[in-house]
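Visitor: I am new to this structure and would like to be walked through it. Could you show it to me first?

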There are 2 protein chains.
Amino acid sequence: MSADFHPSVVPSPTTHVVRQVASSPTTPMFSPLYRQIKELMLSALGAGEWAPGMAIPSESELAARFGVSQGTVRKAIDEMAAEHLLVRRQGKGTFVESHNDPRSNYRFLHLRPDDGKARQKRSIPLSCKLQPADRVTAAALRLAPGESVLALERLLSFDDEVVVFDQMFLRADIFGELTLDVLQQEDRSLYSLFERRFGVRMIRAEERLRAVAAERRVAKLLKVEETSPLTLVERVTYTYGDQPVEWRRGFYATDRYHYYNELS
Amino acid sequence: MSADFHPSVVPSPTTHVVRQVASSPTTPMFSPLYRQIKELMLSALGAGEWAPGMAIPSESELAARFGVSQGTVRKAIDEMAAEHLLVRRQGKGTFVESHNDPRSNYRFLHLRPDDGKARQKRSIPLSCKLQPADRVTAAALRLAPGESVLALERLLSFDDEVVVFDQMFLRADIFGELTLDVLQQEDRSLYSLFERRFGVRMIRAEERLRAVAAERRVAKLLKVEETSPLTLVERVTYTYGDQPVEWRRGFYATDRYHYYNELS
DNA sequence: CAGTGGTCTAGACCACACT
DNA sequence: GTGTGGTCTAGACCACTGA
């Protein structure tokens with residue numbers, strides 16, 4: 001029983017969690033029990049012990065395992081559910097979120113048709129090759145410049161109307177085995193594929209948007225006039241432990257579509 | 001004690017909340033106690049009984065008033081804090097959020113300088129006049145076409161560099177008294193002014209972004225070339241009870257600035 | 001110091017899904 | 001019916017703020 005609580009993810013049933021005592025005055029951090037439980041559960045998720053889409057143990061079981069009350073486990077799960085790491089389904093259990101699930105498929109795509117009608121999305125891969133990271137890419141993925149990344153280009157269509165051109169850069173140490181062939185077989189979202197094939201779940205992303213004039217190649221791909229205005233969306237995507245694994249540059253044709261965002 | 005619980009906001013100390021029994025099968029709605037408490041508290045906020053920036057009664061006091069346990073009040077407050085309606089400050093109390101507070105000033109402005117350095121924001125009002133709502137404005141504000149709205153134009157500068165041109169349309173029944181004079185005196189955010197002067201708190205907004213080519217007038221105001229790409233941000237802003245009170249069209253010069261968004 | 005929010009517990013009971 | 005999450009309670013104690 002240590003004050004710096006960090007045992008194995010599934011400790012013996014008799015293991016009890018102990019709150020740390022009087023941390024040094026210079027480090028004012030104090031971590032409540034439920035956060036320590038949350039850390040344990042995050043480790044389990046990061047280690048892939050609980051796979052996307054699967055049910056995690058019940059609250060009472062976890063409470064017994066960790067040697068805390070159900071309410072404490074509950075609070076840990078509450079936070080993780082708020083962060084879309086887990087989803088609770090009353091009467092059934094608590095599940096690991098998955099981009100594979102229709103409920104959260106294309107969850108990170110904020111592009112919407114102006115008329116609000118649903119569209120069939122389709123990803124059309126164009127290229128997929130290994131290359132050294134340029135400075136910007138390396139910085140975004142926290143790599144050394146020149147380290148290998150997987151560069152991927154694709155179009156996204158809504159009901160066969162091409163709306164987005166994406167250039168993506170993925171950590172090669174994780175996604176290096178990906179090929180154009182595999183991408184062409186795929187009919188679901190890329191993040192869904194990444195989960196199933198590489199066990200990497202995208203949990204958070206930062207996007208930066210600006211308006212740009214279409215360059216020749218992009219204009220041609222999106223079937224718009226050269227120099228016509230496009231929305232440039234730059235995205236860094238993170239997996240467990242805030243590790244950046246994808247850097248993406250997307251050109252959105254926002255004439256009949258728009259980027260939707262809800263503020264609160 | 002009614003099943004359709006909706007008494008005054010601050011009932012007598014002995015008032016007890018009662019869960020409704022077996023609602024009709026066609027209406028499957030079931031509202032837990034803490035949500036009923038939340039509704040009561042929302043009424044108090046909407047009615048202005050608890051003003052922005054002020055402390056609300058303590059959890060134990062509210063529990064006594066509503067005749068429920070502290071934990072139930074707590075859960076109601078938790079939800080409202082998550083929605084940025086209230087802020088908890090340990091050891092001090094729970095407060096009504098306010099755009100007036102430096103911590104949430106310009107909370108809805110997602111524009112950021114590319115270099116990340118802080119900038120001094122300044123609003124430069126251009127015009128302010130009553131006019132009949134056009135179709136789009138009326139729809140956004142849920143008014144009949146032709147009803148009166150207050151039209152307002154302004155520039156936003158970051159360290160004296162003009163970056164945004166905004167056209168806003170406000171419900172005249174609420175904001176009709178606003179004048180250019182008042183706007184020119186103001187040195188804080190508009191939403192802060194609206195709170196202080198009209199008691200209307202903006203709590204939620206929907207934004208739709210697209211790229212457009214700058215028209216002559218806008219280009220001139222933002223000091224960019226005509227037809228150069230701008231980010232058009234359309235926003236509907238809501239106050240308590242999901243009532244839309246503002247419809248806004250903003251042109252953002254996103255060459256050295258970008259629209260930032262975090263996905264999860 | 002007193003008062004506020006924050007954590008944790010143990011136990012009872014409700015709503016929901018499946019079998 | 002059984003098992004899951006969801007609600008509610010009452011009480012103890014901790015952490016933080018400010019007088």
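Visitor: Through what do the copies meet?

Guide: This is a predicted model. Of the interface residues of chain B, 100% are also interface residues in chain A. The copies therefore meet through the same surface.

Visitor: By what turn can chain B be laid on chain A?

Guide: In general, two copies of a chain are related by a rotation about an axis and a shift along it. Here the shift along the axis is 0.0 Å and the RMSD is 0.0 Å, with a turn of 180°. That is the relation of a two-fold axis, and the turn asked for is 180°.

Visitor: Which element gives the largest share of the side of chain B that touches chain A?

Guide: 24 residues of chain B are in contact with 25 residues of chain A. Two or more residues on the chain B side come from each of strand E7 (204-213), strand E8 (229-239) and strand E10 (257-263) of chain B. By class, that side has 11 nonpolar, 6 polar and 7 charged residues. The largest share, 10 residues, comes from E7(B).

Visitor: Which elements supply at least two residues each of the surface near DNA strand D?

Guide: DNA strand D is surrounded by 20 residues, and the closest are B:Leu33, B:Ser69, B:Gly71, B:Thr72 and B:Gly91. By class, the surface has 5 nonpolar, 11 polar and 4 charged residues. Both chains supply it: the elements are helix H2 (59-66) and strand E2 (93-96) of chain A, together with helix H1 (33-46) and helix H3 (70-82) of chain B.

Visitor: And which elements give two or more residues to the surface near DNA strand C?

Guide: Around DNA strand C there are 20 residues, the closest being A:Leu33, A:Ser69, A:Gly71, A:Thr72 and A:Gly91. The elements that give two or more residues are H1 and H3 of chain A, together with helix H2 (59-66) and strand E2 (93-96) of chain B.

Visitor: How far apart are the end C-alpha atoms of helix H3 of chain A?

Guide: Helix H3 (residues 70-82) of chain A has 13 residues. At 1.5 Å a residue, the helix should span 18 Å. The model agrees, with the end C-alpha atoms apart by 18 Å.

Visitor: Within what arc do the buried residues of H3(A) fall?

Guide: The buried residues of H3(A) are A:Thr72, A:Val73, A:Ala76, A:Ile77 and A:Met80. Seen down the helix axis, they line one face, because they fall within an arc of 135°.

Visitor: Against what do the buried residues of H1(B) pack?

Guide: H1(B) has 14 residues and reaches 20 Å from its first C-alpha to its last, close to the 20 Å expected. Its buried residues are B:Tyr34, B:Gln36, B:Ile37, B:Lys38, B:Leu40, B:Met41 and B:Leu45. Those residues pack against H2, H3 and E2 of chain B.

Visitor: Which residue just after H1(B) takes a positive phi?

Guide: The phi in question is about 75°. The residue that takes it is B:Gly48.

Visitor: Is B:Gln90 buried or exposed?

Guide: B:Gln90 sits in the loop between strand E1 (86-89) and E2 of chain B. B:Gln90 has 5 other C-beta atoms within 10 Å, so B:Gln90 is exposed.

Technical notes: Residues are numbered from 1 along each chain as its sequence is written. Chains are lettered from A and ligands numbered from 1 in the order in which they are written. This is a predicted model: local features need pLDDT of at least 70, side-chain atom pairs count only at pLDDT 80 or more; totals for chains, interfaces and linings use all residues. A residue is near a molecule or strand if its C-beta atom, placed from the backbone, lies within 6 Å of it. Helices (H or I, at least four residues) and strands (E, at least two) are DSSP runs, numbered from the N terminus. Ala, Val, Leu, Ile, Met, Phe, Trp, Tyr, Cys and Pro count as nonpolar, Asp, Glu, Lys and Arg as charged, and the others, Gly among them, as polar. Copies are superposed by least squares on the C-alpha atoms of residues with pLDDT of at least 70 in both. Two residues are in contact if their C-beta atoms, placed from the backbone, lie within 7 Å. The expected span of a helix is 1.5 Å times one less than its number of residues. A residue is buried if 20 or more other C-beta atoms lie within 10 Å of its own, exposed if 12 or fewer, and partly exposed in between; C-beta atoms are placed from the backbone. The arc is that of the directions from the helix axis to the C-beta atoms.
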